[in-house]
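Subject: Structure handover

Hello,

Here is the structure you were waiting for. Please open it alongside this note. My findings follow below.

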Amino acid sequence: MPLSSRHLLGLEGMPKQDIQLILDTATTFREVLERPVKKVPTLQGQTIVNLFLEDSTRTRVSFELAERRLSADVVNFSASASSIKKGETLKDTVRNLEAMKIDMVVIRHAAQGSPHFLTKIMNAHIINAGDGSHEHPTQALLDMYSIREKFGTIEGLHVCIVGDISHSRVALSNIYGLTTMGATVSVCGPKTLIPKDIEKLGVNVFYNINSAIREADVLNVLRIQLERQDRVFFPSLREYREYFAVTKERLKCARKEITIMHPGPINRGVELSADVADSDASIILQQVLNGVAVRMAVLYLLGTGK
Amino acid sequence: MPLSSRHLLGLEGMPKQDIQLILDTATTFREVLERPVKKVPTLQGQTIVNLFLEDSTRTRVSFELAERRLSADVVNFSASASSIKKGETLKDTVRNLEAMKIDMVVIRHAAQGSPHFLTKIMNAHIINAGDGSHEHPTQALLDMYSIREKFGTIEGLHVCIVGDISHSRVALSNIYGLTTMGATVSVCGPKTLIPKDIEKLGVNVFYNINSAIREADVLNVLRIQLERQDRVFFPSLREYREYFAVTKERLKCARKEITIMHPGPINRGVELSADVADSDASIILQQVLNGVAVRMAVLYLLGTGK
Amino acid sequence: MPLSSRHLLGLEGMPKQDIQLILDTATTFREVLERPVKKVPTLQGQTIVNLFLEDSTRTRVSFELAERRLSADVVNFSASASSIKKGETLKDTVRNLEAMKIDMVVIRHAAQGSPHFLTKIMNAHIINAGDGSHEHPTQALLDMYSIREKFGTIEGLHVCIVGDISHSRVALSNIYGLTTMGATVSVCGPKTLIPKDIEKLGVNVFYNINSAIREADVLNVLRIQLERQDRVFFPSLREYREYFAVTKERLKCARKEITIMHPGPINRGVELSADVADSDASIILQQVLNGVAVRMAVLYLLGTGK
């Protein structure tokens with residue numbers, strides 16, 4: 001059974017069976033990752049371009065490992081690539097890449113909708129690795145995989161996403177995916193960082209971190225993007241930390257055992273205290289491992305699915 | 001039958017049968033590129049260094065894909081490499097690379113003659129990927145391949161190269177190759193951008209784009225290198241466009257169907273209008289595809305030819 | 001027989017039989033490097049991360065070639081990687097990499113002790129590719145391999161290291177390794193560039209280059225790191241050259257045939273004259289070749305040794 005789409009642009013509207021297929025396929029690749037030879041020949045002779053027009057280390061390395069472990073040929077194309085600096089349009093850049101007979105493009109771009117745009121102008125499979133503050137579907141898929149791995153299921157769990165919801169593609173993709181899979185989703189953060197009509201997406205809002213902790217099974221703590229604080233949404237980091245940091249102390253509010261997630265890189269001591277990040281409640285490093293498996297699953301399903 | 005040289009430095013003086021051998025071999029690799037598994041094991045265990053000491057995206061990616069699809073091991077070495085920044089000479093850099101047992105060097109360098117220089121100091125096969133405003137032989141070979149693919153032959157056709165002829169290695173390599181293959185070659189551009197004694201190379205000169213369009217079977221439109229306009233050769237881009245841009249309107253002067261080529265990246269609306277670039281007359285994207293096949297052919301012929 | 005350590009952090013305290021095992025294994029790989037297909041499948045499916053947080057070309061390329069020729073999957077991670085720029089700690093960076101199931105990390109870092117630190121927080125095999133002015137063990141191993149190749153043995157030879165001893169990890173690793181292998185080691189340079197109690201490491205000190213030349217079998221001439229001359233240890237390059245440059249003229253002092261080594265990149269005409277660098281006495285390019293073989297040996301022994 002193939003996926004219902006030739007691309008992975010986002011989790012908005014993605015059918016439940018597609019998500020399930022990806023998560024189930026990822027289980028197979030998780031096993032591959034435990035072997036001494038962590039490699040299968042599945043995508044041999046296929047060419048994948050990593051078009052990371054916005055800086056990234058973690059996601060780029062995760063995709064690159066997934067691609068190599070499927071034996072694909074990999075070409076990296078970064079923001080500093082000269083053709084883009086020379087003023088070539090994105091359209092010309094990708095149509096040129098396509099002319100060279102590539103099979104898939106993994107794109108990260110500051111402009112939301114750019115992966116969708118690529119599907120209009122090329123035949124390669126497109127995978128969204130983050131477009132502006134829109135979606136980051138593989139991150140949400142690995143988050144869901146990690147939750148399912150921990151709890152055996154996603155349905156019926158309460159997942160609270162904490163932080164800058166307004167500017168987070170991780171939050172949005174998680175909201176779409178988790179609600180599709182039957183979880184209860186809430187968000188928590190300062191009013192200035194939560195979109196006004198977020199409830200329309202079927203999520204509850206907490207403005208108080210302690211209330212969120214009291215209710216949730218899982219806290220998915222977002223990174224405060226220090227490097228994007230050109231516009232100011234809260235008075236200072238000290239204030240943010242005082243009101244929203246997830247700390248050992250605060251977790252005492254929890255009525256049940258709580259699971260801590262974070263997409264990384266962590267600002268230790270800002271949105272998450274170091275002891276919580278490194279505690280048994282944290283599945284942050286499992287998320288990283290699962291990220292490779294989930295990306296292998298997506299690449300495999302798209303690359304072999306027609 | 002091998003090539004008559006161990007290197008590909010330029011098309012000046014290259015025998016017709018060598019050019020024909022490369023184009024014929026490229027036909028085989030064009031077929032490989034249409035397969036689901038676009039890869040052959042021909043250069044397995046050979047190491048190719050891409051020594052791009054001048055920025056490039058398109059040519060570097062094209063070579064890299066060609067190399068990987070021949071199963072070679074690839075090492076990229078860019079201008080920002082620290083040993084060069086530390087003041088090491090080019091000679092020491094390449095002799096060090098050679099000591100590591102590499103088989104081929106693909107070099108792009110701002111200094112004309114640098115590929116030739118490499119042949120004097122190392123045993124690896126040297127491929128010129130552009131040296132200053134001198135030669136860019138693989139570009140001309142892919143241009144010729146694309147013309148032959150379109151017309152079935154090169155001989156007897158009239159190819160006009162339009163733009164900054166003085167500073168273009170693409171122009172010079174095309175002139176050498178096309179005249180060897182029996183084409184009629186002309187150039188067209190502002191007087192300030194055409195070398196004074198260009199006729200000695202056996203080409204006609206047009207200073208009027210409409211006259212060129214009336215005569216030619218093929219227009220190979222060069223990129224105006226906006227980023228190199230530190231010295232001024234024409235009053236303004238507006239002037240250049242007014243007198244030399246290839247537009248739908250202007251193409252009405254043609255007396256026969258005309259074919260449009262461009263080495264890319266295109267400045268849409270400057271040297272070439274967008275509608276012409278995307279029209280049926282344009283074979284620009286075929287050039288890009290053929291570039292991979294032609295480079296595979298060159299690497300294969302040099303890498304297996306002794 | 002495996003190595004006695006799971007890591008290669010430095011040559012301080014490394015048992016003689018470990019050094020011998022690496023050098024003997026490297027001999028096998030030197031033969032592989034002479035074949036047309038310079039590749040073995042030994043590390044297929046293993047992932048090696050090159051974590052070069054300090055700029056390097058030569059050592060990075062040498063390791064990368066060694067890794068690819070062992071058929072490992074290679075991920076490059078440079079100082080400009082965005083997660084590090086985003087302020088992620090080294091600890092989080094490497095624990096994330098490890099979570100992605102990597103087998104070995106080759107690390108170059110400006111902070112001495114950082115490779116040792118990695119061994120405390122991850123299970124991957126760690127290879128030190130240079131940590132501050134501490135150790136650079138693969139450089140010293142390739143130096144020893146080159147000496148053994150030239151002389152048939154290391155024991156009993158007199159090796160003099162010339163230059164900035166205080167800031168050189170190459171010097172320190174060579175001192176540890178060579179004394180373990182039974183060589184007589186001396187150092188030569190301006191007083192300001194020689195650590196005060198260097199004799200405690202079992203080496204003699206020459207402040208006069210002619211005396212050193214008279215006694216030594218081998219001169220290992222270090223690079224004067226022009227780019228680090230923010231603090232001044234000698235009046236000027238002219239002075240350094242006048243008193244310490246190794247030149248044809250000076251080598252006439254030698255009482256026996258002398259062998260010249262240099263870790264590169266050379267400042268021709270500063271620490272070493274061009275004619276000496278290119279003379280028959282120089283084994284500088286053999287060092288480069290042996291570097292690939294020695295690194296293959298280290299990667300092989302660690303990667304297959306459990």
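What pLDDT does chain A average, and what share of its residues score at least 70? The average is 93, and 95% of the residues of chain A reach at least 70. (pLDDT is the predictor's confidence in each residue, from 0 to 100.) For the complex, the predictor gives an ipTM of 0.89 and a pTM of 0.92. Where pLDDT is low, the predicted coordinates should not be read in detail.

Two notes on conventions. This is a predicted model, in which local features need pLDDT of at least 70 and side-chain atom pairs count only at pLDDT 80 or more, while totals for chains, interfaces and linings use all residues. Residues are numbered from 1 along each chain as its sequence is written, and chains are lettered from A and ligands numbered from 1 in the order in which they are written.

**How the chains are arranged**

**Chain A overall**

Chain A has 12 helices and nine strands. (These are DSSP runs numbered from the N terminus: helices are H or I, at least four residues, and strands are E, at least two.) The radius of gyration of chain A is 19 Å, close to the 19 Å that the globule rule gives for 306 residues, so chain A is as compact as a globular protein of that length. (The radius is taken over C-alpha atoms; the rule is 2.2 Å times the number of residues to the power 0.38.) Along the principal axes, the C-alpha atoms of chain A fill a box of roughly 55 × 45 × 35 Å.

Of the 306 residues of chain A, 53% count as buried. (Buried means 20 or more other C-beta atoms within 10 Å of the residue's own, exposed means 12 or fewer, and partly exposed is in between; C-beta atoms are placed from the backbone.) Among contacts in chain A between residues at least 6 apart in sequence, 76% join residues at least 24 apart. (A contact needs C-beta atoms, placed from the backbone, within 7 Å.)

**Domains of chain A**

Chain A splits into domain 1 (16-135 + 290-304) and domain 2 (137-287). (The bounds come from an automatic or database domain assignment.) Their C-alpha centres lie 26 Å apart. The contact between them takes 19 residues from domain 1 and 21 residues from domain 2. On the domain 1 side, helix 1 (16-33), strand 4 (125-131) and helix 12 (284-304) of chain A give two or more residues each. That side divides into seven nonpolar, seven polar and five charged residues. (Nonpolar: Ala, Val, Leu, Ile, Met, Phe, Trp, Tyr, Cys and Pro; charged: Asp, Glu, Lys and Arg; polar: the others, Gly among them.)

**Where chain A meets chain B**

This contact takes 18 residues from chain A and 24 residues from chain B. Strand 2 (73-78), helix 3 (82-85) and helix 4 (90-99) of chain A each supply at least two residues of the chain A side. The largest share, four residues, comes from helix 4 of chain A. By class, the chain A side has five nonpolar, seven polar and six charged residues.

**Backbone points to check**

Most residues other than glycine have a negative phi, and most peptide bonds are trans.

- Ser71(A) sits in the loop between helix 2 (58-69) and strand 2 of chain A. Ser71(A) counts as partly exposed, because it has 16 C-beta neighbours inside 10 Å.
- Ser71(B) also has a positive phi of about 70°. Ser71(B) is partly exposed, with 17 other C-beta atoms within 10 Å.
- Pro265(A) is in the loop between strand 9 (259-261) and helix 11 (274-277) of chain A.
- The bond from Gly264(C) to Pro265(C) is cis, with omega near -15°.

Best wishes

Terms used:
Contact = placed C-beta atoms within 7 Å.
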